[in-house]
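Thanks for making time this morning; I would like to walk you through some charged side chains and how they pair. Please have a look at the model first.

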Amino acid sequence: MKEGYIPNNNYRSIFFTDQAQQCPSELVSQFLNHLEYSLGKDTTTVKEWDVYYALALTMRNRLVERWLRTQYEYRKQDVRKVFYLSMEFLIGRLLTNALINLNAFNATYDLLKQMGYKLEEIAELEPDMGLGNGGLGRLAACFMDSLATHQYPAYGYGIRYEFGIFKQMIRQGYQVEEPDHWLKKGCPWEIQRPDIAYRIRFGGKVITEEQTDGRYIHRWVDTEDIMAVAWDLPVPGYQVNNVNNLRLWQAAATDEFDFDYFNSGDYVRAVEKKNISENISKVLYPNDNVHLGKILRLKQEYFFVSATMQDIFAQWKQDHESFYNMPDKIAIQLNDTHPAIAIPEMMRILIDLHHMSFEHAWDIVGQIFSYTNHTILPEALEKWSVGLFEELLPRHLMLIYQINNHLLAEVNRLYPGNFSKLRNISIIEEEREKSVRMAQLSIIGSHTVNGVAELHTRIIRERIFADLFEMMPHKFQNKTNGITPRLWLLQCNPHLASLISEHIGGAWITDLERLRGLENYLGDEEFYLSFREIKGINKKALSKYIYKSVGIRTMPDSLFDVQVKRMHEYKRQLLNVLGTIARYLRIKDDPSGYYVPRTVIFSGKAAPGYFLAKRIIKLINNLADTVNKDPDVADRLKVVFLPNYTVSLAEKIIPAADLSQQISTAGFEASGTGNMKFALNGALTIGTADGANVEMAEEIGEENMFIFGMRVEEVNTLKQHGYDPRRHYEEDAELKRVIDAISEDRFSPAEPGIFRPIVDSLLAQGDVYCLLADFRGYLEARHAVDDLYADRDAWTRKAILNVARIGKFSSDRTIKEYADQIWKIKPLKLDF
């Protein structure tokens, strides 16, 4: 390539051969303009990162054109819209998604090839957006994709975290958290909106004054204020003109720095207020095991919803004079309880700023909000101490008490003298530390409440919120979760996507039920061969990544047994570990025997303050070190822990998996979506009758999965009658041997005793998640996996059936149900 500065109009002849002149001229010109004028690069300074950034800016420009027209039409036609509020949007990377949605992938591939670059390598440079952590955020991202693809008027709202939850490193087997500075080099997709900024208030006091007409007004004064500044991300649909908006809020100080302190030479205090203010959007989910962490977490939640509500009201007032018809045009969805403060915040705006009566305001709020519950775990059902609420949000606490009084009066009317119902339904929990129960607030303030799988919805109706369900059964619905096939098949597994489209056409990309057409190819040897070849290609690619990432050589011909998800005891990664140790010990007992080669792959982050989950990660890594170095085992068993699980890492792992481990204790997983992603990519599931596994078994056929263990009713009965895990330990010799191997430091000779807390959780602390009770059934299911994997055609048949019958679990179907049954919104097809 010629060196020296070359003006833009000469770039084409330097970068491209004559053949490349056939690339769309508009694409080439926009790309080169961004290299030169946006990035200030010439041929002597351009790097691969610059190519990525210029390409992303080129695609963003195309999205912005459609985005502006989409927003114009939404406003011009005054359509009914949904505002989706979520603390997380686990988007991953955007470049490949944008290229596919804009139908620009092939042209871009050719363009970069002529420049001497590979598109897949350029795409790998993009960092995952640090805007989410687990299933909650990934679901929100899938929903935004489906809303745009199916042309529903929708806006997402969240926080623009400067740092993701953390970057996970593994050092000597231990999880170490490092900052995830995903914005370090900038983000080409976002658009800053300095003109869209709102004042957010905390603390202070409330002054109540009686008016001459007997009404009371409330003034929230002496507050500490910060600003919320908007950043927008265009969200395109698949090959449609609609581009929706994801608006993220960044915290900023009301003043950059204090001149008095600065002039006196106290430079630290001069910027102290700015630094404190910006902490609010600094990091996703601060550790709330400490009081300061709790304060920051609650501030984050209010910061986000206050800015959002002010923005919604500002947009409304542009084109409407009255607030009374807001429910005709606006639906607001709370993605779990994190945005629940939006309910009293809307009440505050209507009552304090627009002088509406409590009754009228409450009627409006109750028609606008709906709430998705994502958990039944007691520790995950958010509660905030009344004292903390009073310190940070005194006016909102007053409104919550007023809402609660209104609620309890109705409970008393319906159930006079029933103090148990009063206690269970009340938003205020009086036991132990007096606290605000955000789930109850969300249910009371919403017209619709939904669970995310049929089993989960039954549990919240019958057990978690039984009294609320009895009082207001009309509110409760089920909306089984789903995943976007654009990311989780078309993008992450292009070879399989191409094979499917060659045989049944491409309509499945937006109508996943079309995959049923694959059943016509059951028994087709040529199709079986192609299906297996694609799985082999994906496994070889993952093997290369594993070796590059952690230095472990794996055999692509082995069964790839995968459990990747957030680390939590109820998800039972530890049960997988116990099963893997049992397999290891069997091989040690008979090194000359035959064993189906298996590569057990783990990945997932533990919350920084979650001691036992972090210790399980250490056990996995120590087990891997022992197994992988044992010459008796050789290639018949490998154990791998891949650090820093992200969306982009999932895109590498899921297409390569043969077996998907979905083994949570029955009744604890709300839905799960990883189970759906693996099945869509041809992995078989070994799992419990929990979450969406139950519905998957109904669709796919339980005979095409490996379902084991206790059902929900059996878990409840076991615990009601007094579960004794030690009995299982004493009566099952293999289980005892496995646990003893851990407690006797077989996997920690250099650090004796470090796994004692894990053993104690099983034997001394009641085995809360019933690992020992399910251990024998789990081993039997693993043996059934071995038997089937040895029969290549039988395994392939079931793998194809998993793909063919997973169509129900598309987020497109889920979104249509939300749109029709909860939000009452209609698609708006845009033709430009």
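Let me begin with a definition: a residue is called buried when its relative accessible area is under 20%, exposed when that area is over 50%, and partly exposed in between, using a 1.4 Å probe and protein chains only. What you see is a predicted model, so local features need pLDDT of at least 70 and side-chain atom pairs count only at pLDDT 80 or more, while totals for chains, interfaces and linings use all residues. Residues are numbered from 1 along each chain as its sequence is written, and side-chain values use heavy atoms, with hydrogens and water left out.

With a relative accessible area of 39%, Asp724 is partly exposed.

Now to the salt bridges, each being a side-chain nitrogen of Lys or Arg within 4 Å of a carboxyl oxygen of Asp or Glu. The structure holds 59 of these salt bridges. One of them joins the side chains of Arg160 and Glu190, at 2.7 Å from N to O, and both of these residues are buried.

Arg516 and Glu699 form another salt bridge, at 3.5 Å from N to O; here Arg516 is partly exposed at 34%, and Glu699, at 23% relative accessibility, also counts as partly exposed.

How do Asp635 and Lys638 meet? Their side chains form a salt bridge at 3.9 Å, N to O, in which Asp635 counts as partly exposed at 38% relative accessibility, whereas Lys638, at 10%, counts as buried.

Finally, a network of salt bridges links Arg93, Glu124, Asp128 and Lys652.
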